[in-house]
Amino acid sequence: MDIMHKTPLFGIILGILLILAILCSGLLIENRTFTWQQPHTPVRSDFGDSAYLVARNYKQLLDCTEAILSAGEDVGSIRYYHDTEDISAELAVACDEITHHTPIGAFAVESLKMEPTRVLSYHNIRVSVKYKRTEDEITSLYPLNSSSELQDILRPALTTLKPSLLLTMEYFSPELLNLAENLSSLLVSDPDCCYGLSGYSVHTYPDEGLDRIVEIRFNYDCSPEEALSRRNATTQEIQTITNQMESDRAPVILRSFYDRIVSSTEWDEASVAKTPYHVLFENRGTSYAIAATFYKLCRAKNLPCYIVQGTYRGTPHTWNLIYLDNKWHHIDLAHGSRSPASYDLFMVSSENMKDYEWKTPNLEH
């Protein structure tokens, strides 16, 4: 009697275990487990001749193909357990969807072939890929989840003069990327990033939809070697100037830095001279270059100084804020260079900055 009661329960448990085994077997690849990952996350897998992925519906077929592409593999194999009336037509649609409407396909693939062979209860799909991107490009995609992360990604790229930056965004929008403002904020907080940068362009793959790969291409006006040489020369010159200061009094130091720059620098907002190097060694520069030079001198003496980007009479303009005597003061060296004998724009309160508009940065002193 006890056996009769236990047998049905035993059968139910055995049936559940068999179902789980069948479901789990779909993820086995010749004694290896394939871990599903988000599309476009770099996948380093070995899709050899004897390895294969498993797909049981059209969506999984696309996912498997994207995994092969994200790994940068030229060939791959997929066991497709899905009944369809016209497998060739379905694969043609899949190829078109992947190459034109998925980020990794639109970005990296020049041509994609999916060739089916019927084997018992499934089709073995041989995937052949010809890429228009290098393996390094395919596997060096940075996931960007928020605009606040972008500056930390941009800084090393610009400092080393990388030709481009590749990002993945699951919820793309120009507002979320916010590249212009992020670049502006980065150059204000770290002028050393500006060496060589002359412009940029943004390209997305595909050109519509939320899930995209974003390629930022940078334009430079010098080689990485030249940029490094200029940056090092500027750092050494800043050190030389600050070491020559005989006074430790902040008002004296600020006046000395101001006089040195405005008396020797030609301000030209249309110039390509956009770095402290141009100000210190070529005696010319934009308002940003002049303000960045003053910023670096002050920071070298541990004086709380900031770069402010705003407008003067509606025209983009850059100047400095300095903290002294428990107050913030504005210093506009660019306008000061037009009349070095005048100190009208040296240590000016916010109330007296007529014709200027700006957003107050996050200030610490």
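## Close-up views of a predicted protein model

**View 1. T242 sits in helix α9.** Helices here are DSSP runs of H or I with at least four residues, strands are runs of E with at least two, and both are numbered from the N terminus. This is a predicted model, where local features need pLDDT of at least 70 and side-chain atom pairs count only at pLDDT 80 or more, while totals for chains, interfaces and linings use all residues. Residues are numbered from 1 along each chain as its sequence is written, and side-chain values use heavy atoms, with hydrogens and water left out. Is T242 buried or exposed? T242 counts as buried, because its relative accessibility is 5% (buried means under 20% relative accessible area, exposed over 50%, and partly exposed in between, with a 1.4 Å probe and protein chains only). Leaving out residues up to four places away in sequence, T242 touches F257, L297, A300 and K301 (a contact means heavy atoms within 4.5 Å).

**View 2. S229 is also worth a look, in helix α9 (residues 224–243).** S229 counts as partly exposed because its relative accessible area is 41%. Look for Y195 too: S229 and Y195 are 34 residues apart in sequence, and their C-alpha atoms are 10.0 Å apart in space.

**View 3. Here is the whole chain, for orientation, with its 13 helices and 17 strands.** The protein chain has 365 residues, and 45% of them count as buried. Take the contacts between residues at least 6 apart in sequence: 58% of these join residues at least 24 apart. The chain exposes about 19,600 Å², with carbon and sulfur atoms supplying 52% of that (areas come from the Shrake-Rupley method with a 1.4 Å probe, and for residues only the protein chains shown count as cover).

**View 4. Helix α6 has buried residues L150, I153, L154, A157 and L158.** Why are they on the same side of α6? Because they cover an arc of only 115 degrees around the axis (the arc is that of the directions from the helix axis to the C-beta atoms). An α-helix has 3.6 residues a turn, so residues three or four places apart point the same way. The buried residues of α6 pack against β7 (142–143), β8 (164–169), α7, α8, β9 and β10. After α6 comes L161, with a positive phi near 55 degrees.

**View 5. Helix α8 (residues 179–189) has its own buried residues: L179, N182, L183, L186, L187 and V188.** What covers them? The cover includes α6 (150–159), α7 (174–177), β9 (197–205), β10 (212–220), α12 (287–300) and β13 (305–312).

**View 6. The largest nonpolar core has 58 residues.** A nonpolar core is a set of buried Ala, Val, Leu, Ile, Met, Phe, Trp, Tyr and Cys residues joined through side-chain atoms within 4.5 Å. Which residues have the most contacts inside this core? They are L167, L177 and F294. Helix α12 gives the core its largest share, nine residues. Not counting residues up to four places away in sequence, L167 touches Y142, L144, L150, I153, L177, R212, I213, V214 and I216. A second, separate core has 31 residues, among them L53, L112, V127 and Y131.

**View 7. The structure has zero disulfides.** A disulfide would be a pair of cysteine sulfur atoms within 2.5 Å. C305 is in no disulfide, and the nearest cysteine sulfur, that of C298, is 4.1 Å away. C305 counts as buried because its relative accessibility is 0%. C193 is buried as well, with a relative accessible area of 1%.

**View 8. Strands β5 (residues 109–119) and β6 (residues 122–131) run antiparallel, joined by 10 bridges.** Two strands pair if DSSP finds at least two bridges between them. Find K113, and you'll see S128 of β6 opposite. The hairpin has two residues between the strands, and L120 takes a positive phi near 50 degrees there.

**View 9. T286 lies in the loop between β12 (284–285) and α12.** T286 counts as buried because its relative accessibility is 5%. Leaving aside neighbours within four places in sequence, T286 is in contact with W267, D268, E269, S271, A273 and K274.

**View 10. A270 is in the loop between β11 (266–267) and α11 (276–282).** Is A270 buried or exposed? A270 counts as exposed, because its relative accessibility is 70%. A270 and G285 are 15 residues apart in sequence and 8.9 Å apart in space, C-alpha to C-alpha.
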